[in-house]
Amino acid sequence: MPTATSRGDLISRRDVDFLLYEWLNVGALPARERFAEHGRETFDAALDLAEQVAAEHFAPHNRLADTCEPTFDGERVHLIPEIGAALAVFAKTGLLGATMDAGVGGAQLPSVVAGACFAFFQAANVATSGYPFLTIANANLLLTHASSELVETFVRPMLDGRFLGTMCLSEPQAGSSLSDITTRAQRQPDGAYRLFGNKMWISGGDHELSENIVHLVLAKIPGGPPGVKGISLFVVPKWLLGADGTLDARNDVALAGLNHKMGFRGTTNTLLNFGEGRHTPGGEPGAVGYLVGAEHHGLAYMFSMMNEARIGVGAGAMALGYTGYLKSLRYARERPQGRPPAGKDPASPQVPIIEHADVRRMLLAQKSYVEGALALVLYAGRLLDEERTAPDAAARERAHLLLDTLTPIVKSWPSQWCLAANDLAIQVHGGYGYTREYDVEQHYRDNRLNPIHEGTHGIQALDLLGRKVGARGGAGLTALVETITTTVGAGRAAGGELAPFADQLAAVTSRIVDITAALGAEPDADACLANATVYLEAVGHTVIAWLWLEQALAAHGRDGAFYDGKRAAARYFFRWELPRTGPQLDLLAALDRTTLDTDPAWL
């Protein structure tokens, strides 16, 4: 029978420490003014606290929140009480404001450390962690773009855990095509706005887990420019506030219904109606909203939250893959079944299934995916810290270029390959993995959302090939290639098996540069972008190979099972995974038109 999830089943703390301190040199960050109050001791204390709270307050109700999904009785949303209790404990940790300025009650932790902390919660219970995830991103957007009055009114209660936040972009008729949203915002004499429209797929859109819900809503002001240039951003609270900050009138935001999901069930997912007249604040219909920044700049503001959310989605996918890997690893070590091919004596005892080569193949694949993804996510956090606090402008700009280029990969690569890791975790468990008695089937269902939300796999591919690698004359791709080239040089200098791995990485990277240039020169935009998903996957695998060479270099010359495991995973990725890019790059180089030339009538 399965055992309860323990701290050791979430994410390997030893791996986190290796990546932070032995690879990313996070210990050097307290030399910078923003992090001067911190050091290894405070970083470790935050990680210890996160791991403990995640294991003790988030993991225990992960299954219950899945089997007892939210319900709506026409008036109220009902959730299991364990979710609210866990969020109350989370609020007391101070992690809601972990990276934020001390002036608003934040701890000014480095983003890379805060990301590592939050990953433990995502591994323990990705659905419950969805509420603080959205709230933190909501607060960060307001701190960056909103007036001091809106910050004081809404951000401080969010950091106290009293209010929770959402992002309201998509609509039933528009989906991901935000230029087609129809929610409108009417200016009011008092300077506020009244919103009318519908928003679909809104995570955390209604519940009673907090005193208030702070919606960030995209809408168009009549008379504005067409398409995305006419989109503005508004704060629309569920409850309006009085002059003293206490709850006052119910705003005209109504829950039309809950979506019933394959996984991720503990996070409510909603269809919201704004301005339908169910509630009439001030005696008239219309959801009262407050403009963030300037009119018609809403999508640009929202992208700061969307990019943070995309990195967070990649982190969540990684965390689900990682915990599934650790649970399948424990199962493989404990489950006796069969005998090696060379030892078929029926009188001999059965061996743990980890002794079978094919099981080790599945475990090694998972290890290479999830540990590679963790490195990718933490590297993104380190770039964010560089972008904000590097001592010179050139370093800050370079970090910005790298992070901007890598964001589609940070979102999509873990969402694809850590889902594949979850599939392998089920397979390692055999028939038991297909039952609800073991966690791995839920991890797969929960993770299946991540290639879809916050911009689908295909949208990330179009972003990477259609915008990111060509922006500013290809400066972002150039910075990435330069970074990879530096690692290649270090790998060649280290010698041994790292030298041929470096040569292999250099060859694939060179092909990507050439193919990117050829695609950029293609005058037919449809032909250029028809295979963007293949491009995303090839570049993504190349980036992960680079990160595995980086990890192998950090482990170089060090003894012990942990470092041997790093070398084994790097070896696997270069021998089994990076070669996948060959046929993909061949297809891209040929400007293959198979999908483009297929008539929809043939399908």
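Tutor: The model is predicted.

Student: What makes a residue part of the lining of the second largest cavity?

Tutor: A lining residue has an atom within 4 Å of a point of the cavity. E69, P70, L258, N259, H260, K261, R265, T267, T268 and N269 therefore count as its lining.

Student: Why does the lining of the second largest cavity count three charged residues?

Tutor: Asp, Glu, Lys and Arg count as charged, so E69, K261 and R265 belong to that class. The lining also has two nonpolar and five polar residues.

Student: What is the volume of the largest cavity?

Tutor: The largest cavity has a volume of about 60 Å³. The whole structure has six cavities of 30 Å³ or more.

Student: Which helices each supply at least two residues of the lining of the largest cavity?

Tutor: They are α13 (475-494), α14 (498-521) and α16 (532-555). Helix α13 gives the largest share, four residues. The lining includes L477, I512 and V543.

Student: Why are α6 and α7 called roughly antiparallel?

Tutor: Helix α6 (residues 126-145) and helix α7 (residues 148-159) pack at an angle of about 150°. Angles over 145 degrees count as roughly antiparallel, so the term applies to α6 and α7. Their axes are 10 Å apart, and their crossing is left-handed.

Student: Which residues meet where α6 and α7 are in contact?

Tutor: T135, N138, A139, L142 and L143 in α6 meet V151, F154, V155, M158 and L159 in α7. This contact has eight nonpolar, two polar and no charged residues.

Student: How do you know that α5 and α9 are roughly antiparallel?

Tutor: Helix α5 (residues 111-124) and helix α9 (residues 357-389) cross at roughly 150°. That value is set against the cut-off of 145 degrees, and α5 and α9 are therefore roughly antiparallel. Their axes come within 7 Å, and the crossing is right-handed.

Student: What makes R382, D385 and R388 charged in the contact of α5 with α9?

Tutor: Arg and Asp count as charged, so R382, D385 and R388 fall in that class. The contact divides into four nonpolar, two polar and three charged residues.

Key
Residues are numbered from 1 along each chain as its sequence is written. This is a predicted model: local features need pLDDT of at least 70, side-chain atom pairs count only at pLDDT 80 or more; totals for chains, interfaces and linings use all residues. Side-chain values use heavy atoms; hydrogens and water are left out. On a 1 Å grid over the protein atoms alone, a cavity is a set of points where a 1.4 Å probe fits but cannot get out, and a pocket is an open set with protein on both sides within 12 Å along at least five of seven lines; lining residues have an atom within 4 Å of a point. Grid points are joined across faces, edges and corners, and a volume is the space filled by probe spheres set on the points. Axes are lines fitted to C-alpha atoms, for helices over the stretch in contact, and angles run from 0 to 180 degrees between N-to-C directions. Angles under 35 degrees count as roughly parallel, over 145 as roughly antiparallel, 65 to 115 as roughly perpendicular and the rest as oblique. A crossing is left-handed if the near helix is turned anticlockwise from the far one by less than a right angle, and right-handed if clockwise. Contact means heavy atoms within 4.5 Å.
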